[in-house]
Amino acid sequence: MIVIGAGVEQPIDPAEDELGRDRIGYGPTMSPMALYDATHGTWHLGERAQRERFALITHDGRGVLAVAIDRVEPATTGRQSSGRSVIHGEILTTGHPMHDAYVGAPSPIPPQRNPIGYFNAPEEQTVCACGCDEPIPAGKHFASGHDQTALHERVRQLGGVVDFIAWFDRTHGYWPDINVIYEPVSLKDGGPTGAPARARHRLGCSHFFLDKDGRIINRPRLATAKEMTSLRPCKSCQDASAKAATRK
Ligand SMILES: [Zn+2]
Ligand SMILES: [Zn+2]
C-alpha cells in the first residue's frame, strides 16, 4: 500500500492548485470526505503506485484515512502536466480490514523525509489456493495460471476429460437449469424467515407457496455460484429437467 504522510492543514490558492482546492493537508476536525479531498493529491508517485491497491494517509505518525485505490492519474494544470498524480478511490470505513488495522494506529513505516512511502501489509496478501503457498494479492484465489494447472492435474488423475465429466455427473449431477432459489418465507405473513434456502429448483416448478389470493409469496431468484455448489437440486425438479432433456 501507498503510505502518504500529510502535513498539517494549510490554505492554498485554488487558482494555483491542480485540483482547484482551497486547502490541503490534515485537520483534526475534517470529515473523512474532506480529508480525502485535501490529501488524495497531488503527489510525485513512482511506477509502483500504479500496482498498489490501497493508500493510507498518515499524519504525525498515525494513520488517519484508508482508501481502496480505483486508479492513479496524472494531475494536469491546463495543457501542462506537473508530473504529479492524484489517487482516486473509495474511503474505507470500520469493518474493512485495512481501515481497522491502520486508521488510528501508528504508521506502519518509520518517519521519513519523503511524504510517499510503501508498505507490504499482511492484510493485502493471501496464498494461492492450489497449495503452492505462493503469496498473491488478497481478493484473488490463484497465482496466474495455477488454476488451470490445478484443474488439469485433477482431470488427468481421472484419466481425461471424458472420465472427469462422467465422475462429476455421477457424484454431483449436472443440473445447470436447476438454478433458482425460493427464499424461505413465513406462511403466516409471507415475510422472509431469514433462514437459508435448502434446495435449488428449476424455474417453473411449483415448489413455492401462494397466498389466499393466489399470489406467489416466495419470489424466485437466480441461485448464486456458491448456492449452485452448496445446495442440492430438488428431486422432482431433477425429474422435470430430465424429461425436458429427452423431449429436445
Ligand atoms: Zn499456486
Ligand atoms: Zn422444485
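## Arginine 215 and its surroundings

A polar contact of 3.4 Å joins the side chains of arginine 215 and aspartate 213, where a polar contact is a pair of N or O atoms within 3.5 Å, one of which, within protein, must be able to donate a hydrogen and the other to accept it, with residues adjacent in sequence counted only if both atoms are side-chain atoms. This is a predicted model, in which local features need pLDDT of at least 70 and side-chain atom pairs count only at pLDDT 80 or more, while totals for chains, interfaces and linings use all residues. Residues are numbered from 1 along each chain as its sequence is written, chains are lettered from A and ligands numbered from 1 in the order in which they are written, and side-chain values use heavy atoms, with hydrogens and water left out.

Arginine 215 is found in the loop between strand E12 (199–200) and strand E13 (220–222); helices (H or I, at least four residues) and strands (E, at least two) are DSSP runs numbered from the N terminus. With a relative accessible area of 52%, arginine 215 is exposed, given that buried means under 20%, exposed over 50% and partly exposed in between, using a 1.4 Å probe and protein chains only. Leaving aside residues up to four places away in sequence, arginine 215 touches Phe209 and Leu210, contact meaning heavy atoms within 4.5 Å.

Cysteine 130 itself is partly exposed, at a relative accessible area of 30%.

The zinc ion (ligand 2) is coordinated by His201 (ND1), His207 (ND1), Cys234 (SG) and Cys237 (SG), at 1.8 to 2.5 Å, and the donor residues are spaced H-x5-H-x26-C-x2-C in sequence. Here the four donor atoms subtend angles of 92 to 133°, which makes this arrangement tetrahedral. Both cysteine 234 and cysteine 237 are buried.

Isoleucine 178, in the loop between helix H4 (161–172) and strand E11 (180–182), counts as buried at 0% relative accessibility. Its contacts, not counting residues up to four places away in sequence, include the donor residues His201, Cys234 and Cys237, and among the others are Met228 and Pro233.

## Backbone features

Most residues other than glycine have a negative phi, and most peptide bonds are trans. Aspartate 60, in the loop between strand E5 (54–59) and strand E6 (62–77), has a positive phi of about 55° although it is not a glycine, and is exposed with a relative accessible area of 73%. Aspartate 133, found in the loop between E9 and E10, also has a positive phi, near 70°. The peptide bond from glycine 41 to threonine 42 is cis, with omega near -15°.

Notes: Donors are N, O and S atoms within 2.8 Å of the metal (3.2 Å for Na, K and Ca); water is not among the atoms, so sites may look incomplete. Four donors count as tetrahedral if all angles lie between 85 and 135 degrees; four count as square planar and six as octahedral if opposite donors are over 155 degrees apart and all others between 65 and 115; anything else is irregular.
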